[in-house]
There are 2 protein chains.
Amino acid sequence: MFVHHVYFWLKNPESKEDLQQLKAGLEKLSKVAGIRMFHIGRPAATKREVIDSGYSLSWLTIFENAKDQDDYQVDPIHLKFVEECASLWSRVVVYDSIDV
Amino acid sequence: MFVHHVYFWLKNPESKEDLQQLKAGLEKLSKVAGIRMFHIGRPAATKREVIDSGYSLSWLTIFENAKDQDDYQVDPIHLKFVEECASLWSRVVVYDSIDV
């Protein structure tokens with residue numbers, strides 16, 4: 001299993017339009033072959049010192065293996081997503097995890 | 001859906017024993033009722049500027065809803081995990097996400 005989790009911070013975190021545009025982009029992105037499961041999330045209401053809830057959107061995708069995730073990175077749908085949406089965010093943090 | 005993703009940085013990142021101890025703790029933790037899906041991960045080999053691969057273990061859990069995650073936080077199995085394993089890590093970052 002390959003877990004690819006991306007957190008996006010919007011340039012304009014107050015803009016509902018920008019949030020909707022990024023969400024729509026992620027929905028299109030979810031069509032990439034090889035994605036076994038995905039979740040588009042926003043910060044939950046939980047508050048503890050260790051919780052980072054400052055991001056705008058969370059993009060969780062699960063792949064069968066590392067190769068499928070490599071293929072996803074260069075898929076035309078992914079390249080188009082970056083082209084169309086990269087101007088919306090100011091910061092992106094990615095965590096890629098494989099089975100221990 | 002409630003996505004709870006925790007990243008652990010070990011105090012002794014070179015210690016295989018500490019890693020195994022934390023992994024064993026997470027395996028016991030996975031028995032908490034309400035966890036629909038979980039994944040114990042280590043950093044993948046992917047390298048890009050936006051990727052944080054400095055953590056030791058990733059702990060992804062998915063719950064049906066926020067209440068199940070709240071219950072998990074106070075479950076005796078979770079409290080025991082924190083008691084037994086908290087001395088192993090130097091840093092924890094948590095991201096909690098709900099449906100947009």
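How much area do chain B and chain A bury between them, and what share of it is on carbon and sulfur atoms?

1. Buried area. This is a predicted model. In it, chain B and chain A bury about 3100 Å² between them. Carbon and sulfur atoms carry 61% of that area. On the chain B side, the residues that lose the most area to chain A are B:H39, B:Y95 and B:V100, and together they account for 22% of what that side buries.

2. Residues in the interface. Chain A gives 37 residues to the contact, and chain B gives 37 residues.

3. Polar and charged pairing across the interface. The rule finds 22 residue pairs in polar contact across the interface of chain B and chain A, with both residues at pLDDT 80 or more. For salt bridges, the count across this interface is 0.

4. Elements on the chain B side. Which elements of chain B give two or more residues to the side that touches chain A? They are the strands β1 (2–10), β2 (35–43), β3 (57–63) and β4 (89–99), together with helix α2 (66–73). Of these, β4(B) gives the most, with 8 residues. By class, the side of chain B that touches chain A has 21 nonpolar, 9 polar and 7 charged residues.

5. Helices α1 and α3 of chain A. Helix α1 (residues 16–29) and helix α3 (residues 76–85) of chain A pack with their axes 9 Å apart, at an angle of about 170°. An angle over 145 degrees counts as roughly antiparallel, so α1(A) is roughly antiparallel to α3(A). From α1(A), the residues in this contact are A:Q21, A:L22, A:G25, A:L26, A:K28 and A:L29. They meet A:I77, A:H78, A:F81, A:E84 and A:C85 in α3(A). The contact of α1(A) with α3(A) divides into 6 nonpolar, 3 polar and 2 charged residues.

6. Helices α1 and α3 of chain B. In chain B, the axes of helix α1 (residues 16–29) and helix α3 (residues 76–85) come within 9 Å and cross at roughly 170°. The two helices α1(B) and α3(B) are therefore roughly antiparallel to each other. On the α1(B) side the contact holds B:Q21, B:L22, B:G25, B:L26, B:K28 and B:L29, and on the α3(B) side B:I77, B:H78, B:F81, B:E84 and B:C85. By class, the contact of α1(B) with α3(B) has 6 nonpolar, 3 polar and 2 charged residues.

7. Helices α2 and α3 of chain A. At what angle do the axes of helix α2 (residues 66–74) of chain A and α3(A) cross? The crossing is at roughly 50°, and the axes come within 5 Å. The pair α2(A) and α3(A) is therefore oblique. Residues A:Y72, A:Q73 and A:V74 of α2(A) make the contact with A:P76, A:H78 and A:L79 of α3(A). By class, this contact has 4 nonpolar, 2 polar and no charged residues.

8. Salt bridges. A search of the whole structure finds 10 salt bridges over all chains. Side chains of opposite charge can pair when their charged atoms come close. In chain A, the side chains of A:K23 and A:E27 meet in a salt bridge, at 3.7 Å from N to O. Both A:K23 and A:E27 lie in helix α1 of chain A, 4 residues apart, which is about one turn of the helix.

Terms used: Residues numbered from 1 in each chain as written. Chains lettered and ligands numbered in written order. Predicted model: local features only at pLDDT ≥ 70, side-chain atom pairs only at ≥ 80, totals over all residues. Heavy atoms only, no water. Axes fitted to C-alpha atoms, helices over the stretch in contact; angles between N-to-C directions. Parallel < 35°, antiparallel > 145°, perpendicular 65-115°, else oblique. Contact = heavy atoms within 4.5 Å. Nonpolar A, V, L, I, M, F, W, Y, C, P; charged D, E, K, R; others polar. Buried area = accessible area lost by both parts, 1.4 Å probe. Salt bridge = Lys/Arg side-chain N within 4 Å of Asp/Glu carboxyl O. Polar contact = N/O pair within 3.5 Å; in protein donor to acceptor, adjacent residues only side chain to side chain.
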